[in-house]
Amino acid sequence: MSRESHMNQQVRSNLRLSMVDGLAYSLMVGLGESFIAAFVLARGHGEVSASMISTAPMFLGALLQLAAPVGIARLGSFRAWVLFVAWVQTISLLLLTGLAFSPLGYWSIFLICAFFWGAGLAAGPAWNAWLSQLIPTQLRTGFFASRSRWSHLFTFLGLVVGGLVLQMAENRGLTMFGFAFLFFTGACCRLISLSALARHDHPKTLTVSPATPSLRAMNRMFRQSSLKQFMIFMLL
């Protein structure tokens, strides 16, 4: 097999695995993540508690992702970091499955959700850097557009199936079993996503900086590029 043919085969494999990862992750969001607030309500907590579980843990998770550069440097690769945080999300959903049958209170759910969303947010920058090296430039726009469309569809399917499962469970007086089933299925979907990620290549050209930039260096970088405007846009 020629070098070019081997590279084409690798690209096709990475495209296929990335699609599996995206669809499984989207099912996890539709089946599991989207019903966390409803789970809080079903546990007997009020509307304010349910709204807080969808916002405050995400804010704490955004702060937790500040540890991502250090974590990536410690593990030595973007791939290892993405797999680590995917494991954290899988374990978080399994813990929520157990909480469906546990007397532990609201703050247990809150803490688990903070780690869940923190792991999800922390994966983003490393995943973007990794995939940008795996998917050729000429294929990126078309592939990710198609991947996004299918991902949205699978999230929607997850929401519909999750709603039907909860309705049937409630009609039989098994509401907590319904939530446990959704969270466990969501964990299985994230595990499928993790398995696909683990089979991706890791380009030798993708290197990890051994040190985190200083505040002075970051300030200089913001002044000399459009990053400042981009960050303001993202924060808003």
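Contact here means heavy atoms within 4.5 Å. The model on screen is predicted.

**Stop 1: Phe-116**

Select Phe-116, which sits in helix α7. Leaving aside residues up to four places away in sequence, Phe-116 touches Met-28, Glu-33, Gln-89, Ser-92 and Leu-93. Phe-116 has a relative accessibility of 1%, and because buried means under 20%, Phe-116 counts as buried.

**Stop 2: Ser-92**

From Phe-116, go to one of its contacts, Ser-92. Ser-92 belongs to helix α6. Is Ser-92 buried or exposed? Its relative accessible area is 4%, so Ser-92 is buried. With residues up to four places away in sequence again left out, Ser-92 touches Ile-112, Phe-115 and Phe-116.

**Stop 3: α5 against α6**

Stay on α6 and show helix α5, residues 68-75, next to it. Two packed helices are described by the angle between their axes and the distance between the axes. For α5 and α6, the axes come within 8 Å and cross at roughly 115°. The crossing is right-handed. To see the contact, select Ala-68, Gly-71, Ile-72 and Leu-75 on α5, then Phe-78, Ala-80, Trp-81 and Phe-84 on α6. By class, seven residues of this contact are nonpolar and one is polar, with no charged residues.

**Stop 4: the second largest pocket**

Rolling a probe the size of a water molecule over the atoms shows where empty space is left. The second largest pocket has a volume of about 450 Å³. To find it, centre the view on Tyr-25, Gly-120, Ala-123, Gly-124 and Trp-127, which lie nearest the pocket centre among the 18 lining residues. Next, colour the helices α1 (3-31), α6 (78-99), α7 (106-134), α8 (137-171) and α9 (175-198); each supplies at least two residues of the lining. Which helix gives the most to this lining? That is α7, with six residues. Coloured by class, the lining shows eight nonpolar, six polar and four charged residues.

**Stop 5: Phe-59**

Finish at Phe-59, in helix α4, which covers residues 56-64. The relative accessible area of Phe-59 is 53%, so this residue is exposed, whereas Phe-116 is buried. Select Val-40 as well: its C-alpha atom lies 18 Å from that of Phe-59, and the two residues are 19 apart along the chain.

Terms used. Residues are numbered from 1 along each chain as its sequence is written. This is a predicted model: local features need pLDDT of at least 70, side-chain atom pairs count only at pLDDT 80 or more; totals for chains, interfaces and linings use all residues. Side-chain values use heavy atoms; hydrogens and water are left out. On a 1 Å grid over the protein atoms alone, a cavity is a set of points where a 1.4 Å probe fits but cannot get out, and a pocket is an open set with protein on both sides within 12 Å along at least five of seven lines; lining residues have an atom within 4 Å of a point. Grid points are joined across faces, edges and corners, and a volume is the space filled by probe spheres set on the points. Helices (H or I, at least four residues) and strands (E, at least two) are DSSP runs, numbered from the N terminus. Ala, Val, Leu, Ile, Met, Phe, Trp, Tyr, Cys and Pro count as nonpolar, Asp, Glu, Lys and Arg as charged, and the others, Gly among them, as polar. Axes are lines fitted to C-alpha atoms, for helices over the stretch in contact, and angles run from 0 to 180 degrees between N-to-C directions. A crossing is left-handed if the near helix is turned anticlockwise from the far one by less than a right angle, and right-handed if clockwise. Buried means under 20% relative accessible area, exposed over 50%, partly exposed in between (1.4 Å probe, protein chains only).
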